[in-house]
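Subject: Structure handover

Hello,

Here is the structure I said I would pass on. Please open it alongside this message, as the notes follow the chains one by one.

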Amino acid sequence: MSPLAKLVEAALFASARPLTVEEIQTLDPQAGAAAVRAALVEIRDAFATGDHGVELVEIAQGWQVLTRREYAEAIDRAQFALRPRRLSPAALETLAIIAYRQPVGRLEVDEIRGVDSGAVIEKLSERGLVEIVTRGEGLGRPLLYGTTPQFLEILGLKDLDELPRLDELSVALRPPAPAEPE
Amino acid sequence: MTALPPTAQDQAGFVVELEQFSGPLDLLLHLIREDEVDITDLPIAKIADQFLAVINELGLNQAADYLEMAARLLRIKAQMLLPRRVGDDEWEDPRAALVRRVLEYQQIRELVEWLAAAAARRAEQFGRGFAPEPPAPPPAPLVIDLNDLLAAAERVIALIPEPVLHRVVPRPLDVEGATERIQALLAERAAFGWGDIVGARATLVDVLSAFIALLELAKRGSLHVHQEGPFAPIQIRRESAREAR
């Protein structure tokens with residue numbers, strides 16, 4: 001591997017969270033973004049072809065070394081690492097609405113869910129999955145929420161574009177059909 | 001609707017069953033799916049009755065969100081029963097808004113399944129753990145010799161500095177005397193300088209007394225104080241327009 005690739009590998013190993021290309025660039029002022037990307041591909045290929053128990057994964061707009069899926073059971077059983085707590089249906093509903101409507105205010109979430117979502121949003125905010133991104137224009141300038149990189153991380157997504165498009169769902173919500181017959 | 005009086009058992013059941021549904025729309029969607037009816041042509045009377053039955057059965061009658069939905073369903077049911085003229089173009093299906101909400105909610109439920117699957121898949125991989133720093137061990141119990149303790153106490157006492165005593169001497173400012181002096185000067189001359197008040201060999205107390213007296217008289221309007229610039233000699237003029245009280 002190239003010296004830069006080895007340096008990046010060490011940094012990825014040391015980090016407990018995904019590192020973005022920009023963050024990795026700070027390791028070596030001379031390394032450009034293209035060189036860092038090349039180094040990342042080099043590391044990913046080295047893990048992939050060299051029979052390793054870990055792999056380099058593109059996640060949450062960054063890169064992270066993760067254990068291979070086939071070892072999840074064994075690691076879990078031995079309790080060397082804890083699986084993240086599962087999210088409740090209410091939390092997932094709220095996350096889905098915020099992910100698709102962001103920036104979105106609490107009232108709109110309440111309206112879609114048909115239930116007060118203040119406490120759920122508070123919990124999601126505490127877990128770092130959503131955050132206040134701006135304030136709305138309307139009455140009282142409501143706080144508007146959006147998803148965080150942590151949200152992408154717990155779902156294993158590169159970015160928000162990886163979420164399914166609404167028209168790909170089996171229950172596509174289309175605007176009400178015009179009343180006039182064709 | 002007949003609300004059963006809440007009992008302890010109801011309360012307990014309420015908490016458990018509420019977790020089964022994430023909200024009234026969830027319950028509504030559950031009923032629709034169970035009946036396998038067409039959402040767009042919702043048999044509102046049947047669904048409304050079932051909704052009320054479940055609320056009573058589960059003791060959900062305290063949850064405002066569920067009650068609100070129940071009221072909405074009953075209202076739509078009543079609207080559906082109202083007679084309408086044939087060929088009335090103005091008539092809008094009272095179920096339309098509800099159907100839109102249920103469809104929208106159904107879409108969210110589908111996204112929830114997608115998100116849950118994505119999260120479960122992500123949970124099959126572990127990143128490098130970040131071990132937080134272990135808490136500092138509790139301090140060992142203090143084992144100490146009495147002689148050492150006394151020696152330490154002596155060292156600490158030796159470090160305490162001798163208290164410094166100050167004698168406070170009263171040196172009141174003689175503002176009255178200075179005022180009298182200035183008033184005497186005012187009676188004598190229309191204008192004079194700062195030096196005329198305090199003299200050549202003024203002490204700090206004299207200067208302060210004279211200055212306060214001067215400011216006080218200027219405030220009363222007995223005289224006019226003027227200074228060309230910073231550190232320039234202070235000029236005092238008799239104020240003729242306003243006389244002192």
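Below is what was found, beginning with the two chains and ending with a single residue.

Please keep in mind that this is a predicted model.

The two chains

Chain A contains 8 helices and 5 strands. Read from the N terminus, its elements follow the order α-α-α-β-β-α-α-β-α-α-β-β-α. Chain A has 182 residues, of which 40% count as buried. If we take the contacts in chain A between residues at least 6 apart in sequence, 43% of them join residues at least 24 apart.

Chain B contains 9 helices and 3 strands. From the N terminus, the order is α-α-α-α-α-α-α-β-α-α-β-β. Of its 245 residues, 31% count as buried. Chain B exposes about 17000 Å², and carbon and sulfur atoms account for 58% of that. For contacts in chain B between residues at least 6 apart in sequence, the share joining residues at least 24 apart is 59%.

The sheet of chain B

In what order do the strands of the open sheet in chain B lie? The order is β1-β3-β2, and the pairing is antiparallel. The edge strands are β1 (191-193) and β2 (223-227) of chain B, each of which pairs on one side only. From one strand to the next, the twist averages 25°.

Strands β2(B) and β3(B) (residues 234-238) run antiparallel and are joined by 5 bridges. B:Leu223 has B:Arg238 in β3(B) as its bridge partner, and B:Val225 stands opposite B:Ile236 in β3(B). The two strands form a hairpin with 6 residues between them. In that turn, B:Phe231 has a positive phi of about 70°.

Which helices pack on this sheet? One of them is α7 (residues 175-188) of chain B, which touches β1, β2 and β3 of chain B. The direction of α7 makes about 65° with that of β3(B). Another is α9 (residues 204-220) of chain B, which touches β2 and β3 of chain B. The direction of α9 makes about 120° with that of β2(B).

Where the chains meet

In the contact between the chains, 31 residues of chain B meet 51 residues of chain A. The area buried between them is about 3700 Å², and carbon and sulfur atoms give 63% of it. On the chain B side, B:Gln125, B:Phe126 and B:Arg128 lose the most area to chain A, together 22% of what that side buries.

One residue to look at

A:Thr67 is found in strand β2 (residues 62-67) of chain A. Is A:Thr67 buried or exposed? A:Thr67 counts as buried because its relative accessibility is 15%, and the cut-off for buried is under 20%. Leaving out residues up to four places away in sequence, A:Thr67 touches A:Gly53, A:Val54, A:Glu55 and A:Ile75 in chain A, along with B:Glu124, B:Gln125 and B:Phe126 in chain B. A polar atom of the A:Thr67 side chain lies 2.8 Å from the backbone nitrogen of B:Phe126. B:Gln125 and B:Phe126, both touched by A:Thr67, are among the chain B residues that lose the most area to chain A.

Regards

Definitions and conventions
Residues numbered from 1 in each chain as written. Chains lettered and ligands numbered in written order. Predicted model: local features only at pLDDT ≥ 70, side-chain atom pairs only at ≥ 80, totals over all residues. Heavy atoms only, no water. Pairing = 2+ DSSP bridges. Helix = DSSP H or I, 4+ residues; strand = E, 2+ residues; numbered from the N terminus. Axes fitted to C-alpha atoms, helices over the stretch in contact; angles between N-to-C directions. Contact = heavy atoms within 4.5 Å. Buried < 20%, exposed > 50% of the residue type's maximum accessible area, 1.4 Å probe, protein only. Areas by Shrake-Rupley, 256 points an atom, 1.4 Å probe, with all protein chains shown as cover. Polar contact = N/O pair within 3.5 Å; in protein donor to acceptor, adjacent residues only side chain to side chain. Buried area = accessible area lost by both parts, 1.4 Å probe.
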